[in-house]
Amino acid sequence: MRLPTRLLVGFVALQHFGFLVLEAFFWTSEFGRKTFATTPEFAEASKVLAANQGLYNGFLAAALVMGLLAKDKHVARATLTFTLACVVVAGIVGGITAKPSILLVQGLPALMALVLVRRDRTA
């Protein structure tokens with residue numbers, strides 16, 4: 001797999017690991033509330049849901065790392081294609097239902113990585 005492809009997939013994985021940390025561990029903190037523009041009351045009431053959402057983001061990050069580390073190029077490409085497609089769909093749904101910027105922050109990098117993975121013939 002070419003370096004630009006690996007770097008962009010790695011960036012998307014790092015993003016999702018960051019989302020895991022923010023949602024699962026810092027949701028109710030001042031930093032988390034500022035990041036997600038929530039009130040202390042909302043953050044407290046929704047912290048279990050946010051932790052669950054963070055866990056799913058962690059699964060996406062883990063799957064991307066697995067795809068990057070896979071020895072078989074067909075397994076790597078299939079894993080990355082599926083996982084990045086999931087991230088793109090999540091970005092679209094989040095952009096429509098929660099906050100439009102999610103489409104750009106989450107969906108666009110994943111779409112760009114997906115295009116690179118699909119075009120990369122060494123993958």
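Let's start with the surface. Leu 104, Val 105, Leu 108, Leu 111, Met 112 and Val 115 form a nonpolar patch there. Together they have about 510 Å² of accessible area. Keep in mind that this is a predicted model.

Where is it found? Val 105 is in helix H6, which covers residues 101-119. Is Val 105 buried, partly exposed or exposed? Its relative accessible area is 43%.

Next, the largest pocket. It holds about 810 Å³ of space. How many residues line it? The lining has 27 residues. Nearest the centre lie Glu 23, Phe 36, Gln 53, Ile 102 and Gln 106.

Which helices supply the lining? At least two residues each come from H1 (3-25), H2 (30-36), H4 (47-69), H5 (73-97) and H6. H4 gives the largest share, with seven residues. By class, 15 of the lining residues are nonpolar, ten are polar and two are charged.

Last stop, Ala 37. Look in the loop between H2 and helix H3, residues 40-45. The phi angle of Ala 37 is near 50 degrees. That is a positive value in a residue other than glycine. Is Ala 37 buried or exposed? With a relative accessible area of 67%, over the 50% cut-off, Ala 37 is therefore exposed.

To recap: a nonpolar patch on the surface, a largest pocket lined by 27 residues, and a positive phi at Ala 37.

Methods
Residues are numbered from 1 along each chain as its sequence is written. This is a predicted model: local features need pLDDT of at least 70, side-chain atom pairs count only at pLDDT 80 or more; totals for chains, interfaces and linings use all residues. Side-chain values use heavy atoms; hydrogens and water are left out. Patches are made of residues with over 30% relative accessible area and no salt bridge: like charges are joined within 9 Å, nonpolar side chains (Val, Leu, Ile, Met, Phe, Trp, Tyr) within 5 Å. Accessible areas come from the Shrake-Rupley method with a 1.4 Å probe; for residues, only the protein chains shown count as cover. A salt bridge is a side-chain nitrogen of Lys or Arg within 4 Å of a carboxyl oxygen of Asp or Glu. Helices (H or I, at least four residues) and strands (E, at least two) are DSSP runs, numbered from the N terminus. Buried means under 20% relative accessible area, exposed over 50%, partly exposed in between (1.4 Å probe, protein chains only). On a 1 Å grid over the protein atoms alone, a cavity is a set of points where a 1.4 Å probe fits but cannot get out, and a pocket is an open set with protein on both sides within 12 Å along at least five of seven lines; lining residues have an atom within 4 Å of a point. Grid points are joined across faces, edges and corners, and a volume is the space filled by probe spheres set on the points. Ala, Val, Leu, Ile, Met, Phe, Trp, Tyr, Cys and Pro count as nonpolar, Asp, Glu, Lys and Arg as charged, and the others, Gly among them, as polar.
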